[in-house]
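Welcome to this short briefing. Please take a moment with the sequence and the model below, and then we can walk through some of the details together.

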Amino acid sequence: MRVDAATWIREFAALIDAHADELTTLDAAIGDADHGTNMRRGMAAAVAALDDSTPATAAEIYKQTAMVLIRTIGGASGPLYGTFFLRLATALGDDPETSTGLVDFARAFRAGVDGVIARGKAEPGDKTMIDALAPASDALAKEAAAFTDHSTPDVGAAEIAALDAALAAAESGRDATTSLIARKGRASYLGERSAGHQDPGATSAALLLRAARRALR
């Protein structure tokens, strides 16, 4: 049982489409009111690229997705999500499989998050997508370490537990952004007025983890 790369992208696109209005409403309160629209456009383009030509490996799928998102999503979201998937692809290298196991996935996911941190200069507590991604990555790393500590692990159960833990951590981080004062991005211009609003980037990032959980095959 593994996170299938192509399925992950398709599931993320479906969730973004279903929640686009919510994302835009959240962004209207503290941003440019276009996060849902931009993400819907970018993920639709990513799926169209997969429909046109699905690469043979997970790394190639993530790299293709990264390039599409950078090209089609406006504002900061394109470069940030693009960087996430590009670093994910680089961390996987020339893996001949179209999906990857828990330990490799956790390592690659961390590389993606580190890329977003480097690109956006944000840290946990800044009221950004990092508030969902960083705890999710920590949860994945913890579960991957527990997995390798067992001599005869139940692979399927370990991966389900890992993605469940990562999703729960991402959603908890998302929810915690409501009370935070933004320190990065357009929302930071509002100062204390940004408190009381859930961050749209953290919200879409939590959807990314929900999609990964659905992509276990």
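Is Ala-33 buried, partly exposed or exposed? Its relative accessible area is 33%, so Ala-33 counts as partly exposed. Please keep in mind that this is a predicted model.

**Loop residues with positive phi**

- Ala-33 sits in the loop that runs between α1 (5-30) and α2 (35-52).
- The phi angle of Ala-33 is near 60 degrees, which is a positive value in a residue other than glycine.
- Lys-121 likewise has a phi near 60 degrees, a positive value in a non-glycine residue.
- You will find Lys-121 in the loop between α5 (102-120) and α6 (130-148).
- With a relative accessible area of 58%, Lys-121 is exposed, because the cut-off for that class is over 50%.

**Helix α3**

- Helix α3 covers residues 58-72, and its 15 residues should span 21 Å at 1.5 Å a residue.
- The buried residues of α3 include Ala-58, Ala-59, Ile-61, Tyr-62 and Thr-65.
- Further along α3, Ala-66, Val-68, Leu-69 and Thr-72 are also among the buried residues.

**Aromatic rings**

- The model holds nine aromatic pairs.
- One of these is the pair of Tyr-62 and Phe-85, whose ring centres are 6.0 Å apart with 25 degrees between the planes.
- That pair counts as stacked, because its planes are under 30 degrees apart.
- Tyr-62 belongs to helix α3 and Phe-85 to helix α4, so the pair ties together parts that lie 23 residues apart in sequence.
- Tyr-62 and Phe-85 are both buried.
- Ring pairs also link Tyr-62 and Phe-85 with Trp-8, Phe-84, Phe-105 and Phe-109 into a cluster.

- Ala-162 is part of helix α7, which covers residues 155-176.
- Ala-162 has a relative accessible area of 0%, so it is buried.
- Leaving aside residues up to four places away in sequence, Ala-162 touches Leu-102, Leu-140 and Glu-143.
- Ala-145 lies in helix α6.
- The relative accessibility of Ala-145 is 36%, so this residue counts as partly exposed.
- Ala-145 and Val-103 are 42 residues apart along the chain, and their C-alpha atoms are separated by 7.8 Å.

**The largest pocket**

- What volume does the largest pocket have? The value is about 620 Å³.
- A total of 28 residues line the largest pocket, and Ala-76, Ser-77, Leu-80, Gly-185 and Arg-186 lie nearest its centre.
- Two or more lining residues come from each of α1, α2, α4 (77-92), α5 and α8 (200-214).
- By residue type, the lining of the largest pocket divides into 10 nonpolar, 11 polar and seven charged residues.

Conventions
Residues numbered from 1 in each chain as written. Predicted model: local features only at pLDDT ≥ 70, side-chain atom pairs only at ≥ 80, totals over all residues. Heavy atoms only, no water. Helix = DSSP H or I, 4+ residues; strand = E, 2+ residues; numbered from the N terminus. Expected span 1.5 Å × (residues − 1). Buried < 20%, exposed > 50% of the residue type's maximum accessible area, 1.4 Å probe, protein only. Contact = heavy atoms within 4.5 Å. 1 Å grid on protein atoms, 1.4 Å probe; cavity = no way out; pocket = protein on both sides within 12 Å on 5 of 7 lines; lining within 4 Å. Points joined across faces, edges and corners; volume = space filled by probe spheres on them. Nonpolar A, V, L, I, M, F, W, Y, C, P; charged D, E, K, R; others polar. Phe/Tyr/Trp six-rings, centres within 6.5 Å; stacked < 30°, edge-to-face > 60°.
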